[in-house]
Amino acid sequence: MSKTTIENKPTPNLKALLPILIFLIIYLGNGIYFEYINPIEGKMGFYIMSVVVAFGISLIVAFLQNRQLTFDEKIHICAQGIGDDNITTMLLIFLLAGAFSGIASAAGGAVSTANMLLNILPARFAVPGLFIIACLISMAMGTSVGTITVLAPIAVVVATNGGLSLPLCIGTVVGGAMFGDNLSVISDTTIAATKTQGIEMKDKFLTNIKIACPAAILTLILLIVVSLRSTPTPIGTFEFNVLLALPYFVVLVLALLGINVFVVLLIGILLFLITGVCFGHLDYALAFSSMGDGTAGMFETMIVTILVASISSLMKAGGGFEAILELIRSRFSGKRGGMLGIALLTAFMDIATANNTVAIVVAAPIARDISREFNVPSNVTASLLDTCSCITQGIIPYGAQLLVAGSLTGISSFSIVPYLLYPFLLMVFVAVSIIVAGRASKA
């Protein structure tokens, strides 16, 4: 069979989606078993089964399907998927983002930034302050889990000293962390959402901010109301160094100005290298080992990206994507239907994988086809992928964000869920944006 034939539009075939079903059964099944049925002390159930192993098994299943193609033809299809310009760019950005995260953490920038902002804020508004700090730090760091790791212990001190509700303080931190994760141009979710849809990060940001900002403002207003009804209590003072915090703000400003993400990350790495060495937090060996540790932390995400690109290419060639499009055509119509389909698909993938980046990488190729079929702009598709994955990831009690928050503070991840104001409000604003977009397209 010629390569030209391989690339022809395939016939819809639900059986071609078997690899992703196998993945969900293996990964979700093991996650539920080890998290709720037979938990292992000191380990998070959904992270016992390696996502790489689960996708590796799924790739084997994908290769066993579609007997009309030879093994070499299937390899060619995988190579085309992996060699896509956007996939290559995404992998390189992941490496730089990992190096940035590693050296920034070793230099002590995140802690200094959080402590500086806490000292500026009035004691009465400590809880709204935690939300603002989490938003800013996660936008600068590009990681929600990293932000929670830094701020959760501080939130415990704030709650204890101020006589505040600990689940409220932690839920506020998690909400702010998801805000920044969703909007940061150096977040792996943003990288995945934009590069898989072939758009610039600033285009997705401008679309995203119209949904995220109103939800964040309303969250802040509600937290201020709660603060005004409580008795102000001193929360203590925190040590910080302005110059150690400065690189984060430089990175944030450069990113918002639309500077190329490679340039932004390189400048951030250089600034943290200089400040870390100058203030004795870094030496030659620690600087480069921390960057190595940061990039190593991205390896699993990169391998998953390669595996998913291969599996998606084979499923698409087998007619799996066409089957999903047929299903959506029969249930939805118009731009509103396409947006709703993308939102539900992404949310389902995140609930199943408990990893918002993986959910985006899995859903993105199908979302791209949906957007073309239903005339959904690519920037809107990227925004929905990132936003909906962050909503569900910020709410599910078995996701890394809530599990880490719970383990660091000694409370149940379930106890945090009722205080996740921002993710729930963001869900409302996403629904409103879909309704408004649908009406606009009919006008």
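Predicted model: local features only at pLDDT ≥ 70, side-chain atom pairs only at ≥ 80, totals over all residues.
Let me begin with the core. The largest nonpolar core has 141 residues, and within this core F55 and L151 are the residues with the most contacts. Of the helices, α5, which spans residues 85–107, gives the most to this core, contributing 12 residues. If you look at F55 and leave aside its neighbours within four places in sequence, you will find F55 in contact with I20 and F23, with V304, L307, V308 and I311, and with V358 and V362.

Next, I would like to turn to I351, which lies in helix α17, residues 334–353. Not counting residues up to four places away in sequence, I351 touches L28, T392, I396 and Y398. V380, by comparison, is 29 residues from I351 along the chain, and the C-alpha atoms of the two are separated by 21 Å.

Finally, the helix pair. The axes of α8, residues 144–162, and α20, residues 400–409, come within 9 Å and cross at roughly 25 degrees; because angles under 35 degrees count as roughly parallel, these two helices are described as roughly parallel to each other. Their crossing is right-handed. On the α8 side the contact is made by S144, V145, I148, T149, A152 and V156, and on the α20 side by A400, Q401, V404, A405, L408 and T409.

Definitions and conventions. Residues numbered from 1 in each chain as written. Heavy atoms only, no water. Core = buried A, V, L, I, M, F, W, Y, C linked by side-chain atoms within 4.5 Å. Buried < 20%, exposed > 50% of the residue type's maximum accessible area, 1.4 Å probe, protein only. Helix = DSSP H or I, 4+ residues; strand = E, 2+ residues; numbered from the N terminus. Contact = heavy atoms within 4.5 Å. Axes fitted to C-alpha atoms, helices over the stretch in contact; angles between N-to-C directions. Parallel < 35°, antiparallel > 145°, perpendicular 65-115°, else oblique. Left-handed = near helix turned anticlockwise from the far one by under 90°.
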